[in-house]
Amino acid sequence: MNTNMDDIFLPLKNKPVLIAGPCSAESREQLVQTAHALAGIPQLYAFRAGLWKPRTRPGNFEGVGEQGLDWLMEVKEKTGLRLAVEIAVPAHAEICLKAGIDIVWIGARTVVSPFIVDEIANALQGSSICVMIKNPINPDLKLWIGGVERMKKAGIKKLIVVHRGFDAYSKKPFRNTPLWEIPIEMKRLFPELPMLCDPSHIGGSRSLLAEIAQKSMDLGMNGLMIESHIDPDHALTDVAQQISPAGLKKLISGLKIREHEGSETSSTLEDYRCSIDEVDEQLLELLSRRMEISELIGEHKKEHNLAPFQAKRWSVILEDRIKRGSSLKLDKEFISGIYNLIHKESLRRQGNVMNEE
Ligand code: PEP
Ligand code: MN
């Protein structure tokens, strides 16, 4: 099936593609029913299912393992869909190669370990299988690049990268923060590699999928990998983020696909806007953290019978921030204005603490 390079890459060059299927293979019926229900989506490029599930703690459902391969083969026979499976150790790679799986992916928890990625690359060496490399859990672009380089070194030619968001201290509203500037930089470094977005693992909840998918399309990504389950509410893994095939159809038909080829300016503008959104998100998080600390200070002052406003401390802060701001090429008036607002809000918060009885 995957002998001709273009067979697998051609659809990725034309319009955004979709890889969909359940987080985990659970039963033959679940796979066959989900695949049949998805098969009508024109953009569907491959059917995904996890056979071996990396779980944060042992004891949860860890996948059906090798027995799920027969069910997947039945799906392929009945629908003609390409199959995509996660591999996390060399043995998985060998099993998938032997079974004729079209696409394997290396998950976010695996990409963080260069030793394992090396071992998997060795197991795949010389094969013509298509390999997708997810970004590592932590926001480390170099690890992601390392995953790609290790596969290239092993002679893997059909490579796709998948953006699935990053673990972060403050995640809300996402399960994994998108940090769009990282996939943007990855795309800049490897423009020849198709990039898919995985809104399921970024969002962690059904309600966020459409917005994330649209954003990735606006950034010119080549497609989406979305978890879809015939009965999402009873899924054995990632229950909150899986979507029904009907819901997925609706989501895909609601996407606006804008022209990217030849419209260099607008895609550059989009990249800048994304970076601004990202920086603003960090700014807001920092401001919120600052106000939390102010409240703690307020409590302390209340306990020690100190007034919220301490003139000496405030003038030290203001002078210092204006100086620091200047060294970062920030206008004095601007910094002074911002700090006056921040200080006013801090006092208000501290005052609220003081007024509590
Ligand atoms: C998955 O796609 O099912 C998966 C486990 O993803 P990730 O490695 O991104 O967590
Ligand atoms: Mn999942």
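Student: How many of the contacts in the chain with a separation of 6 or more join residues 24 or more positions apart?
Tutor: In this predicted model, such residues account for 74% of those contacts. A contact here means heavy atoms within 4.5 Å.

Student: What makes up the chain, in helices and strands?
Tutor: It has 14 helices and eight strands. Its C-alpha atoms fill a box of roughly 75 × 50 × 40 Å along the principal axes.

Student: What share of the chain is buried?
Tutor: Of the 357 residues, 47% are buried. The chain exposes about 18,400 Å², and carbon and sulfur atoms supply 55% of that area.

Student: Why is H201 called buried?
Tutor: Buried means under 20% relative accessible area. H201 has 10%, so it is buried.

Student: And why does E227 count as buried?
Tutor: The cut-off is again under 20%. E227 is at 0% relative accessibility, so the label holds.

Student: Which protein atoms are donors of the manganese ion, ligand 2?
Tutor: They are C23 (SG), H201 (NE2), E227 (OE) and D238 (OD).

Student: How do you know that these are donors?
Tutor: For this metal, a donor is an N, O or S atom within 2.8 Å. These atoms lie 2.1 to 2.4 Å from the manganese ion, ligand 2. They therefore meet the cut-off. Along the chain, the donors follow the spacing C-x177-H-x25-E-x10-D.

Student: Why say that H201 and E227 tie parts of the chain together?
Tutor: H201 lies in helix α9 (residues 199–203), and E227 lies in strand β8 (residues 223–227). The pair therefore links parts that are 26 residues apart in sequence.

Student: Which residues are around ligand 1?
Tutor: The shell includes C23, H201 and E227, which are also among the donors of the manganese ion, ligand 2. Others in the shell include K53, E86, W105, G107, K134 and R164.

Student: How do the residues of that shell divide by class?
Tutor: Seven are charged, three nonpolar and two polar. Gly counts as polar, and G107 is in the shell.

Student: What makes the pair between R48 and ligand 1 a polar contact?
Tutor: A polar contact is a pair of N or O atoms within 3.5 Å. A polar side-chain atom of R48 lies 2.7 Å from an oxygen atom of ligand 1, so the pair qualifies. R109 also places a polar side-chain atom 3.0 Å from a ligand 1 oxygen. A108 uses a polar backbone atom, 2.8 Å from an oxygen of ligand 1.

Student: How much of ligand 1 does the protein bury?
Tutor: Taken alone, ligand 1 exposes 290 Å², and the protein buries 97% of that.

How values were computed
Residues numbered from 1 in each chain as written. Chains lettered and ligands numbered in written order. Predicted model: local features only at pLDDT ≥ 70, side-chain atom pairs only at ≥ 80, totals over all residues. Heavy atoms only, no water. Near = heavy atom within 4 Å. Polar contact = N/O pair within 3.5 Å; in protein donor to acceptor, adjacent residues only side chain to side chain. Areas by Shrake-Rupley, 256 points an atom, 1.4 Å probe, with all protein chains shown as cover. Donors = N, O, S within 2.8 Å, 3.2 Å for Na, K, Ca; no water. Helix = DSSP H or I, 4+ residues; strand = E, 2+ residues; numbered from the N terminus. Buried < 20%, exposed > 50% of the residue type's maximum accessible area, 1.4 Å probe, protein only.
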